[in-house]
Each structure stands twice: as C-alpha cells, then as structure tokens.
Amino acid sequence: MGTLILAVTSLFLYSVGTALQALHFRGRVTSNLAVTTLIGVLALTSHGLLIAQSVHHDGGFDFGFFKSSVLISWLIVFLLLGLNLKKPVQNLFLGVYPLAALTIILALVTHSPSRLVSDDSYGMLSHIALSVTAYSLFTLAAIQATLLYFQNRQLKHNYNSLLVRNLPPLQTMESLLFEMVWAGVVMLILAIVTGALFVEDLFAQDLAHKTVFSLLSLAVFVALLVGRYTKGWRGITASRWTLAGCVLLMLAFYGSKFVLELLFQKGG
C-alpha cells in the first residue's frame, strides 16, 4: 500500500476518533469503549504500516527528526489505548490524536537529513527504543499534568466547567499522573544507562547537550517523586514540576535534533 494512502487513512481515522471524543466530551454521544478501541486500533495499524514504509529501510532505520516524531506519536497512541482499557484516560485522546495526525502531516510535507541506524546495532537500537518509550510516557504525563493543572484551578474557584465535569476525581487524576511519571522515570534511567554503554563518544557525536538536558529532566522528575512522598506535593505543584521536567526532556530530544538536522543539516 502506498505511503500517501496509508497517511490519508491514518489522518482520516484520527480525525474520526477526535470528533467522537469531542462529541463525548460535550455530552452529545455516549462513550463506548469497544468503538473507541476499534477506531484507535485501526488508526494505529495504518500508522504502523506507514512507519514500516518510511522509517525502515534496507539495512537500517531512519531516525530523522520528523520520522522519529511519527514513531513516537505511534507509541503514544499505543500506550494510551492500552491504558484506556483499565484507567480513566479517555480525555487524553483529544490531545493525542491531533498530535499523531500533526506528526504524519509534517513527515509528509517536510524533509530532514536521514539518521540511519544499522539493523545489527542492537545496543543503539535498545537505547533508542527505551528513549522513545520514555518520551512517549512523559508526553502523556505532560497532557495529564496540563489537565490536572486546569482542573485544580477551576475547582479552587468553584467553577463547574465542562472540563471539570468530564474529568475523573482529582485524586484519581493525581494518581494517574504519578503512575505515568514513575513509569517514565524507569524508562528514562534505562535509556540513559544504555546510552552510556552503547554511545561511544557523546561529545564527538554532538550529543553532550542532549545528555545534560536528559539528566536535568531526570533530576526534576526524581525531585518530584521525592517531594510527593516526603512533602505531599500534589495538584498544581505536581503539575508544574511534571511540565518543567517534560520541557527539559523535549529540549534534550527535539532541541538537539532540530539544531543538528534542520539548522546544520547533519545526517548520520
């Protein structure tokens, strides 16, 4: 199947999924887990086939700026669909589906230098897989933190908005956020460890700033978890720390790739 057909199919399915979630959010339709899951799985399948055609090449994988974004958005959707089977995270689809669609559009209409990693570079591939998983989990955490932030502010002002009425109770929202942060921290630690083991020379590969920002973000997330269990941090405080850590992590990944690939046009 052609790349364009797969891209259009994915965009259509993500648009349908977003529209249904928006109607549910506004109380126009009743939520149906089976329908939500079916649309998500179909979109995920089309999205995955698109990745197989655009990211994997003979002898290696292309982890260029926009193609990496398509891969990360696929994993975000995958993780959210899995979480949605057990946790009340359905509202996150309103942010995740448009994000996935945007990465596909950008990958189609833009170009960046290739960053090829050989099929037999198992150490590097394991580092990339763990990194992508960490970025995906923290993206979900960032969306969750944003919702929690506005939920807290509106509840403090006794504002019974559409957002407040649709979100789970505050305690549930906070619990979900810290579950995401814990999972992300574990993945990020493993990604940093594998990077130290399998990336030969961070400075020679212009990756020093990526390492620094990754370590800074890890420090922020660890401080958040420590603050949670020693000082009872929650609500707006937890949201702000989560978003600060996510910004640092995005600077580590997207900032370094943007500078190297789009500004300096360095491939690999």
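**Helix H4 and its neighbours**

A: In this predicted model, helix H1 crosses helix H4 in a left-handed sense. H1 covers residues 3-25, and its axis lies 9 Å from that of H4, at an angle of about 160°. Because angles over 145 degrees count as roughly antiparallel, H1 is roughly antiparallel to H4. On the H1 side the contact is made by Thr3, Ala7, Ser10, Leu11, Tyr14, Gly17, Thr18, Gln21, Ala22 and Phe25, while H4 contributes Phe93, Leu94, Tyr97, Pro98, Ala100, Ala101, Ile104, Ile105 and Leu108.

Helix H3 is made up of residues 65-84 and H4 of residues 93-109, and their axes are 9 Å apart at an angle of about 155°. This angle, too, is over the 145 degrees used as the cut-off, so H3 and H4 are roughly antiparallel to each other. The crossing of H3 with H4 is left-handed. From H3, the residues that take part are Phe66, Ser69, Val70, Ser73, Ile76, Val77, Leu80, Leu81 and Asn84, and from H4 they are Phe93, Val96, Tyr97, Leu99, Ala100, Thr103, Ile104, Leu106 and Ala107. The contact of H3 with H4 consists of 14 nonpolar and four polar residues, and no charged residue belongs to it.

Read together, the two lists show that Phe93, Tyr97, Ala100 and Ile104 of H4 take part in the contact with H1 and also in the contact with H3.

The UniProt record, an unreviewed entry, places a "transmembrane region" at several stretches, including residues 64-85 and 91-110. For residues 91-110, the C-alpha atoms at the two ends lie 30 Å apart, and the span is 85% helix and 0% strand. Another stretch that the record marks in this way is residues 211-229, where the end C-alpha atoms lie 27 Å apart and the span is 100% helix with 0% strand.

One further detail belongs to H3 itself. The structure holds seven aromatic pairs, and in one of them the rings of tryptophan 74 and phenylalanine 78 have centres 5.4 Å apart and planes at 10°, so this pair is stacked. Tryptophan 74 and phenylalanine 78 are four residues apart in helix H3, which means that about one helical turn separates them.

Note on methods. Residues numbered from 1 in each chain as written. Predicted model: local features only at pLDDT ≥ 70, side-chain atom pairs only at ≥ 80, totals over all residues. Heavy atoms only, no water. UniProt positions renumbered as here; feature names shortened; annotations may be inferred. Axes fitted to C-alpha atoms, helices over the stretch in contact; angles between N-to-C directions. Parallel < 35°, antiparallel > 145°, perpendicular 65-115°, else oblique. Left-handed = near helix turned anticlockwise from the far one by under 90°. Contact = heavy atoms within 4.5 Å. Nonpolar A, V, L, I, M, F, W, Y, C, P; charged D, E, K, R; others polar. Phe/Tyr/Trp six-rings, centres within 6.5 Å; stacked < 30°, edge-to-face > 60°.
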